Amino acid sequence: DGKYTVTLIEGDGIGPEIAQSVKDIYSAANVPIKWEPVDVTPTLKDGKTVIPDEAIDSVTRNYVALKGPLATPVGKGHVSLNLTLRRTFNLFANVRPCKSIAGYKTPYDNVNTVLIRENTEGEYSGIEHVVVDGVVQSIKLITREASERVLRFAFQYAQDVGKPKVRVVHKATIMKMSDGLFLNLARDIAKEYPNVEFDAEMLDNTCLKMVTDPIPYNDKVLVMPNLYGDILSDLCAGLIGGLGLTPSGNIGDECSIFEAVHGSAPDIAGKGLANPTALLLSSIMMLQHMGLTQNASSIEQAIFKTLAEGKALTGDLGGKAKTHEYADAIISNLKA
Ligand code: IPM
Ligand code: MN
């Protein structure tokens, strides 16, 4: 029927509500996509968290998935399912654009940078043990293979989107070996991209400079090990209005999963109060990735118009609108 099939992982808490907004807006915009919903409830197999085969088959078959929030237990329980997905499909680069939304006021205007986070290892390797009572060890695993892969991706990305600079964010003064390896590999790979400038900056300094004035980062793609990317991307989200507005894409060679970075917000789940913007903008990244650029830009314009009008904003953005009222406003702006 000329439609692309896309796996849909609605997720926990507010997941189904925000996924509904995406579905409604996509059908109003006649996007040629058929959703294939899958259940990713984890099961334990040989002590490892695994996701159901049907979910794996679906993502493998469709190459692309859109994913809502999945609840992660704190300090105990199974490995985060979010991580299981990234690792199962070897989604090695996590792309997190940080772009101001015209019309949505924050203390910063015109922010437009991109973070690329290594997405499979580092402190997220899940290798932890008790050495003796009261002493634990968590391994930060850095490999040349995964580092090279994400670094090369970052340089290629910078070249493709026309950002002239790649900056590695690190802490190689302290993590001499792990961040040192990452940084040295970046210096080598930089030589393969003579059109892209390269430099490096210490993570703490990046945080200080970004909250002071993020604009000098607009010409840069920032690339970094996993945990640094997790933390710095939240800081960046704060610059432009919060996690309710920031998209992300987990990119692999075989398939990619686009996901909202925010949590499942159990406190407001089922009440029709959730803001679907992050999931929507992630889906826009997905459409661009799929080459559906026309659909991507018309929906994106409608989202930005709705946010700028400010009449149908959800509670987190200072409005009173229900999730579906915001989605309806976007749908009417599609036609406008
Ligand atoms: C993110 C999230 C995840 C992470 C959690 C939910 C496991 O914070 O995507 O940034 O830490 O990577
Ligand atoms: Mn995070």
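## Aromatic pairs

Two rings of Phe, Tyr or Trp count as a pair if their centres lie within 6.5 Å, and planes over 60 degrees apart make the pair edge-to-face. In this predicted model, that rule gives 5 aromatic pairs.

One of the pairs joins F92 and F153: the ring centres are 6.1 Å apart and the planes meet at 85°, so the arrangement is edge-to-face. F92 belongs to the loop between α3 (81-88) and β6, while F153 sits in helix α4; the pair therefore ties together parts that are 61 residues apart in sequence. In general, a pair of aromatic rings is described by the distance of the centres and the angle of the planes.

## The second largest pocket

Rolling a probe the size of a water molecule over the atoms shows where empty space is left. The second largest pocket has a volume of about 710 Å³. Its lining consists of 31 residues, of which V95, P97, Y157, M285 and Q288 are the closest to the centre.

Several elements give two or more residues to this lining: β6 (93-99), β7 (112-118), α4 (144-161), β14 (256-259), α8 (277-290) and α9 (293-309). Which element supplies the largest share of the lining? Helix α8 does, with 5 residues. Sorted by class, the lining holds 19 nonpolar, 7 polar and 5 charged residues.

Methods: Residues are numbered from 1 along each chain as its sequence is written. Chains are lettered from A and ligands numbered from 1 in the order in which they are written. This is a predicted model: local features need pLDDT of at least 70, side-chain atom pairs count only at pLDDT 80 or more; totals for chains, interfaces and linings use all residues. Side-chain values use heavy atoms; hydrogens and water are left out. On a 1 Å grid over the protein atoms alone, a cavity is a set of points where a 1.4 Å probe fits but cannot get out, and a pocket is an open set with protein on both sides within 12 Å along at least five of seven lines; lining residues have an atom within 4 Å of a point. Grid points are joined across faces, edges and corners, and a volume is the space filled by probe spheres set on the points. Helices (H or I, at least four residues) and strands (E, at least two) are DSSP runs, numbered from the N terminus. Ala, Val, Leu, Ile, Met, Phe, Trp, Tyr, Cys and Pro count as nonpolar, Asp, Glu, Lys and Arg as charged, and the others, Gly among them, as polar. Rings of Phe, Tyr and Trp (its six-membered ring) pair if their centres lie within 6.5 Å; planes under 30 degrees apart count as stacked, over 60 as edge-to-face and the rest as tilted.
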